[in-house]
Protein chains: 2
Amino acid sequence: MRAGPSQEEVRRLNLGTLLRHLHTGGPVSRAVLADRMGLNRSTILALVSELTAAGLVREELPRDTGRAGRPSLVVRPDPRIYVLAFDVGVDQVAAARVGLGGAVLDRRETTYPRIGIRPEEAAAVLTGHAKEMTAAAPADAVCAGAGAAVRGMVRHPDGLVRSAPNTGWTDEDFGRDLAGRLGLGLPVLLDNESNLGALAEHVRGAGQGLEDLIYLHGDIGIGGGVIAGGRLLRGHNGYGGEVGHLLVNPRGGRPCGCGSRGCLEAEAGQGALLEAAGRVPDTTGRQAVRSVVEAADRGDVAARAALHTVAEWLAVGVSSLVNLYNPAAVVFGGTLRDIYLGAAAQIRSLINTRTLAASREEVRFRVCRLGDDTVLAGAAELAFGRLFADPLGHRGP
Amino acid sequence: MRAGPSQEEVRRLNLGTLLRHLHTGGPVSRAVLADRMGLNRSTILALVSELTAAGLVREELPRDTGRAGRPSLVVRPDPRIYVLAFDVGVDQVAAARVGLGGAVLDRRETTYPRIGIRPEEAAAVLTGHAKEMTAAAPADAVCAGAGAAVRGMVRHPDGLVRSAPNTGWTDEDFGRDLAGRLGLGLPVLLDNESNLGALAEHVRGAGQGLEDLIYLHGDIGIGGGVIAGGRLLRGHNGYGGEVGHLLVNPRGGRPCGCGSRGCLEAEAGQGALLEAAGRVPDTTGRQAVRSVVEAADRGDVAARAALHTVAEWLAVGVSSLVNLYNPAAVVFGGTLRDIYLGAAAQIRSLINTRTLAASREEVRFRVCRLGDDTVLAGAAELAFGRLFADPLGHRGP
């Protein structure tokens, strides 16, 4: 156990916290910042001055206040500051330029005709997108960091991709490769797509303001991210929160890509739904899931039965998660958003009978608010996190 | 997001950290403390002086060093400081006087002939034990706090016992009642027995030094506590870590006391083992579990089959927990210690086939090191935690 922070470390912490307030809450006056952070106005003035000198914030008159009289200045994120966010999907890669404050300033994506993009191929395509976006950015724009999401198990803290079964990657140092190609002199921070989805929904989505939440992301597989006590639950090596491999049907369940069987991903994933609805092998992807949910809604018998089965396993999994984590919210994203919306009554009813009364009484079930860009938003938050940890770029002693 | 700590808060943090070092690591020189905490020697001197003045530590010559020459002084916890630790079991209550540094100085317990002690009865008996121990303590001993473990769901942070199915308690403010009877002017902090078991094994048991661990406690039910990132995972209301209600056999599983069925507790708890071994209803308790495990070891066919079935469900549950939390260790306590030791090869082999390779590669399986006093030790750590949060008793602004 190390000692508490030094005065220099506290100053850095306060600079980061102030910047984070502006990033998530938008422009506000210094008086509001003083109130929110519990600091006096002279300390806030000093912090704002330092951040202004570093080109990270600006003090300006607010946009039209609609009120008479001279309005007071507001502190806002400097619009020149941005990060690069990358998302390596199974059959698609996306890149975005995201401004301090969270606005997506530019976005590019490439879809592949087949599943399983190679890491060097993904890095090359994303580098191309990044270079185009950088070239198109204003001349005075400043890249403050980069973050990327991958569909796999990412070791913490070094970011090595240990295993990404759906793309066939093993022990790939993808972040280093991508950082080298970008040549910005910045690391590319890496994490699992569902951890980043959880982070994004926690910071600016359906879980905003909640310290304990579970994000469930349906794609080809099922991923998850857990925020516990306000922090991403990473576990010993960074692999925590693999909710897709919660064993819901351990005896006689469907085989799972991980080598086990009866995992939540095997029983409630895309494959299980489409197969049960008799739609395999001609369709896959988000649209295929939506079409089954829509068919079920129209009364199609096979689609209804398929949705019912998958929803039951999803509810069993969520019940265990409610008992294990006592979350304030469970957020459904990706294809699970559609499945949850298509079977919400059934899912909630089963959860009500399979969970501890105290654990479920305050839990809320929500769908992700950031839509298809949840994961990309999380990659941006990962990159901004490094800026907030040390806004002036001073390294500690 | 509030600002970082003030200088006064940092000082308090450092006093608490120093005291915690002595509590868990034992007496050491100021030089060693400076090194462990990353502070300079003059700061350590100032902190030690304050703690000495408050009667919390002493500087003394070490006990026989076995070396020639003048030994340097060591800082040790003041032997007058202690906490009261209470454990309300299903058919037994225990109380202990535990010194700063972790030594059990005195201990009393009362066993009941029936299951389901009432809260006021438990509070009265524990108060009697506490008064006897206080009377027997040296005249200059100082009680610095009190903590209690209950078999139930305890709301955080106020400590209300929402539900304790095995004793039939509902919404009992047990901590307040006990504190009132004790009349020490100190609150009695409360938590679930398995959370406290996890805390104890984390601080001074089989999980010492590990930031991510799961403690599984077998009693009449199965409880669990999770340490994630060095902190107890409490969840939104304090009910996190209810691993006994992980659904391992959701379709057609055994009914569980919580109203669900197929919970880990229902499939791998005491009842399941004893029933499968044909020993119900004439036996219960830890000794009954041990006798089945011993009979299995001697080759008794019914006992072997029963242990095999229960061990399989336990392994299924642990596999899910490894995937969900990526712990550095899983610690088996209470009756699960016996079951794990009786079927370790089977359990580990099943876990190897049902978990993600990356998540399991560094996990260690251990039995609890603090034995039958794990929970009592955890209650003491809970009480000490309050002392460490503010060693000089100053309340923040």
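Which side chains meet in a salt bridge at 2.4 Å, N to O? They belong to Arg162(A) and Glu361(B). A salt bridge here is a side-chain nitrogen of Lys or Arg within 4 Å of a carboxyl oxygen of Asp or Glu, and chain B and chain A have four of them between them.

Before we go on, some ground rules. This is a predicted model, where local features need pLDDT of at least 70, side-chain atom pairs count only at pLDDT 80 or more, and totals for chains, interfaces and linings use all residues. Residues are numbered from 1 along each chain as its sequence is written, chains are lettered from A in the order in which they are written, and side-chain values use heavy atoms, leaving out hydrogens and water.

Now for the whole interface. Contact means heavy atoms within 4.5 Å, and by that rule 64 residues of chain B touch 64 residues of chain A. The size of an interface is often given as the accessible area lost when the parts come together. For chain B and chain A that buried area (1.4 Å probe, summed over both parts) is about 5400 Å², with carbon and sulfur atoms giving 53%. Met1(B), Leu324(B) and Arg354(B) supply 14% of what chain B buries against chain A, more than any other three residues.

Next, look inside chain A. Helices are DSSP runs (H or I, at least four residues) numbered from the N terminus. Among the residues of H1(A) that meet H2(A) are Asn14(A) and His21(A), while Leu33(A), Arg36(A) and Met37(A) sit on the H2(A) side.

Key:
Helices (H or I, at least four residues) and strands (E, at least two) are DSSP runs, numbered from the N terminus. Buried area is the accessible area (1.4 Å probe) that two parts lose on being put together, summed over both.
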